[in-house]
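Here are my notes on the model, point by point. Please read them with the structure open.

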Amino acid sequence: MTTQFPPGIQLEKEDERIMTLNIGPQHPGSGHMRLIIKVDGDYIVSCDPDPGYVHRGEEKMAEHRNYLLNIPHLERPVIHDSCNILYPYCLAVEELLGTEVPERAKYIRVIASELNRCVYTMYWLGIYGIFLGHSTMFMWPMADRELLIDLLEAMTGARVTHSFFIPGGVRNDVPPNFEDRVLRQLSYFEKRLKEYEDIFYQNPVLKSRTEGTGILSREDAIRLGVTGSVLRSAGVDFDLRKKEPYDVYDNIDFETQVLKEGDSYARSRVPYLDMLESCNIIRDALTKMPTSGSVRVKLKPNPKGSADEVYRRVESGRGSLGMYLVSNGTPQPYRLKISVGSFRNIICLPYLLKGELLGNMPAVYWSLNYWPVEADR
Amino acid sequence: MSTIAPKFRLGHFIASLTDNIFWGVVLFTLIGLPIVFIVLFLIELPEIDGKLLSPYLAVTYIADPSRTLPIIQSLIQTDFFKIVAFPGFGFAALIAGATIFIERKFLAKIQLRPGPFYCGKVEGILQLMADGLKLISKEIIIPAKADKPIFWAAPVLFVATAAAFVSLIPVAPGWVVADLDVGLIAVFAIIGFFPIITILVSWAANSKFPFIGGIRALHQMVSFEIPLILSLLGIVILTGTLNLSEIVASQAGIWWIVFLPIGAIVFFISILAELERIPFDLPEAESEIVAGWLTEFSGMMYGLVQLGSYVKLYAFAGLFVTLFLGGWHGPMVVPPFPEEIITEGITMGPISIKIPGLPLFSQEMLNGTLWFVIKTMGVIMVILLPRGVFPRIRIDLLLHVGWYKLIGLCFLNLFIALGLIYGGVLGPEGFIQ
């Protein structure tokens with residue numbers, strides 16, 4: 001016989017103080033995932049992330065298409081960062097096919113991937129702003145992101161799904177006087193980033209909310225296997241662009257952004273510092289880029305790789321993004337395993353949220369630089 | 001051919017018109033005229049301006065509209081008009097609507113976007129009406145296990161409490177619905193109702209997110225009511241009255257914000273918390289608890305709560321103006337009503353207009369209302385501004401601010417007020433009167 005509760009809030013059991021909240025998948029603070037959070041009062045007792053609502057089977061789809069046809073659908077998980085997600089795939093296929101990429105194409109790739117990192121980070125920053133109730137920080141990056149998208153559109157012909165990187169180079173050359181346009185845009189972009197610093201990162205309310213919450217220590221960060229900005233905010237100097245330079249990153253002068261605090265504030269600040277550093281990378285790449293030359297190597301219509309295994313990874317907006325490609329000599333990949341930073345970062349969420357206030361949940365959750373669609377692949 | 005009425009024929013249209021006229025005349029003769037005579041026979045009609053109000057006199061108003069002036073003037077002086085229209089709810093709702101429009105455009109300008117743009121052709125000025133129509137036409141969904149009577153009653157109660165709050169605010173000299181000698185205590189009493197309604201809603205909705213939001217709202221409102229009340233005691237000490245009209249009258253020279261800036265700041269921060277506005281919008285924190293205690297409201301129930309919260313915003317801004325910014329005081333800007341219009345009339349070409357009665361509103365009233373509205377809109381703009389600048393604060397920091405910092409500042413404010421009295425600066429024997 002069940003107990004009749006009076007009208008009012010009904011807990012799971014009458015004698016328990018613990019209440020279960022299903023935050024997501026239909027919730028303004030969840031993204032395409034569910035967080036099963038148990039709260040005692042306003043304190044979080046346990047958190048169980050439940051991703052998988054937008055799984056699309058990208059890896060399985062890749063087994064039925066040849067190396068070139070895989071390009072348009074592989075960028076779908078993160079359309080805001082579509083150059084970076086194609087980067088490891090192109091590197092792996094080039095290694096498998098034994099293709100040498102022209103020098104100019106390598107620089108164009110670096111520029112496109114850094115612009116794309118900024119586009120992604122602006123989107124992420126906007127959502128971080130609205131998660132903390134800062135609506136201006138939602139609107140400003142969304143507006144300024146359009147200018148960078150315009151640059152990429154002039155470069156690739158598409159706004160977000162560029163399909164720009166292909167095995168053997170890039171799809172097309174950059175338009176004439178592209179360099180001036182990029183430089184003009186970058187100076188405006190850096191000016192705006194300083195305004196973001198004033199209104200958002202130096203905001204006393206934001207600092208009081210995020211500093212000292214969800215602290216991830218250096219040891220835990222290494223043990224839990226987080227990557228990218230989350231790892232670098234915990235004091236680990238690990239940037240794949242420095243540690244395992246791909247294409248021409250070893251020719252370019254830039255610094256890795258590392259913070260020591262490991263709290264939500266540091267985690268939210270490292271992508272911002274990365275954006276500033278991306279501007280320097282783009283400037284440096286523009287000066288060192290060969291002024292003329294081919295940008296792609298003509299591949300055979302249906303290229304076959306040798307029966308081999310390749311693993312290449314790059315530093316994307318969300319951390320290390322690796323592609324493990326197994327070929328058995330046919331035109332299609334035998335197996336493509338995508339290892340994404342989003343999924344590896346969300347693993348540490350239950351550890352960070354335990355004992356925190358419910359009000360800290362959005363600040364900690366979105367500071368992990370997590371993209372639900374990419375994590376589900 | 002028109003697509004609206006594809007089978008339109010003029011003959012049918014004229015036939016339908018004559019049909020309607022015929023039935024109107026028949027019904028009026030059979031039912032309307034007997035009712036008019038019953039009314040004339042049974043009910044004693046008021047005597048206005050020396051003439052008995054009768055239907056025949058009312059018909060003559062059509063010929064000469066200026067004859068309705070005495071009626072309008074006697075209507076304006078009734079309590080009904082004060083409650084419904086001018087210093088009461090209608091005026092407050094109008095300012096609330098203007099506030100919503102200003103908030104949207106003002107925030108949009110801060111955030112590099114145009115804001116409402118299409119509805120109403122001119123800068124989206126009819127967007128609020130469109131939103132209201134949308135809310136009215138939406139289905140009202142009540143949770144299955146909700147406590148229905150309380151859940152239904154809550155939005156109405158919220159608006160009614162906000163309207164009761166509005167009735168205490170003096171807009172112009174003599175223009176206040178309830179001119180109480182204990183006005184400030186009545187304000188505190190009415191503010192005390194809002195947390196009760198909030199917690200009733202959140203409990204009655206029988207849902208988790210409203211419950212958390214309601215508990216948060218309760219924490220917030222209760223802990224900020226204390227600094228809210230304490231910050232106003234300085235003014236009570238200096239003026240020696242609780243009547244809001246007298247408090248305004250005492251600021252004819254210098255406004256109280258000059259002497260009590262700390263009290264004004266504390267009161268302003270407490271207003272933000274009481275109104276659940278950013279950075280204190282924890283009860284409606286959408287990224288944590290959906291919409292807080294408003295989550296289960298739908299359709300016009302949500303619309304009523306929003307209307308109530310904007311009316312409450314106006315009332316708090318008006319209270320701030322009343323207490324700290326000198327209420328209706330300000331230099332005369334409205335020109336006085338010329339006497340010649342009453343005695344001689346205005347001649348405009350072939351038509352001459354004569355207004356036989358007195359002017360409807362006095363110069364003081366128009367001037368006071370103008371200054372009151374200007375100051376109130378200024379305060380409202382400052383209340384709206386943090387939404388573009390600050391993120392949401394956390395609950396522990398909120399309680400820390402409320403209980404630890406603001407109450408301390410309140411006592412500092414009280415000491416300043418006492419110092420002004422005993423130092424001989426203000427008060428009955430002070431050198432500033």
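**Notes on the predicted model**

1. Asn177(A) has 8 C-beta neighbours inside 10 Å and therefore counts as exposed. The classes are set as follows: buried means 20 or more other C-beta atoms within 10 Å of a residue's own, exposed means 12 or fewer, and partly exposed lies in between, with C-beta atoms placed from the backbone. Asn177(A) sits in the loop between β5 (169-170) and α6 (178-201) of chain A. Although not a glycine, Asn177(A) has a positive phi of about 40 degrees. Helices (H or I, at least four residues) and strands (E, at least two) are DSSP runs, numbered from the N terminus.

2. On conventions: this is a predicted model, in which local features need pLDDT of at least 70 and side-chain atom pairs count only at pLDDT 80 or more, while totals for chains, interfaces and linings use all residues. Residues are numbered from 1 along each chain as its sequence is written, and chains are lettered from A and ligands numbered from 1 in the order in which they are written.

3. Glu276(B) is another non-glycine residue with a positive phi, here about 55 degrees. Glu276(B) belongs to the loop between α13 (261-274) and α14 of chain B. Is Glu276(B) buried or exposed? Its 25 C-beta neighbours inside 10 Å make Glu276(B) count as buried. For background, most residues other than glycine have a negative phi.

4. Helix α5 (residues 89-110) of chain B has 22 residues, which at 1.5 Å a residue should span 32 Å; the end C-alpha atoms are 31 Å apart, which agrees. The expected span is 1.5 Å times one less than the number of residues. The buried residues of α5(B) are Phe89(B), Phe91(B), Ala92(B), Ile95(B), Ala96(B) and Thr99(B). Seen down the axis of α5(B), these fall within an arc of 135 degrees, so they line one face of the helix; the arc is that of the directions from the helix axis to the C-beta atoms. They pack against α4 (79-84), α7 (148-166), α15 (300-324) and α17 (363-384) of chain B, where contact means C-beta atoms, placed from the backbone, within 7 Å. Just after α5(B), Leu112(B) takes a positive phi of about 60 degrees.

5. In chain A, three strands form an open sheet in the order β1-β2-β3, with antiparallel pairing; strands pair if DSSP finds at least two bridges between them. β1 (18-23) and β3 (43-50) of chain A stand at the edges, each with a single partner strand, so one side of each has no neighbour in the sheet. Six bridges join β1(A) to β2 (residues 34-40) of chain A, and Leu21(A) has Ile37(A) as its bridge partner in β2(A).

6. Another open sheet of three strands in chain A has the order β6-β7-β8, also with antiparallel pairing. Eight bridges join β6(A) to β7 (residues 319-326) of chain A. Val314(A) has Leu321(A) as its bridge partner in β7(A).

7. The contact between the chains takes 30 residues from chain B and 31 residues from chain A. By class, the side of chain B that touches chain A has 15 nonpolar, four polar and 11 charged residues. Here Ala, Val, Leu, Ile, Met, Phe, Trp, Tyr, Cys and Pro count as nonpolar, Asp, Glu, Lys and Arg as charged, and the others, Gly among them, as polar.

How values were computed:
Contact = placed C-beta atoms within 7 Å.
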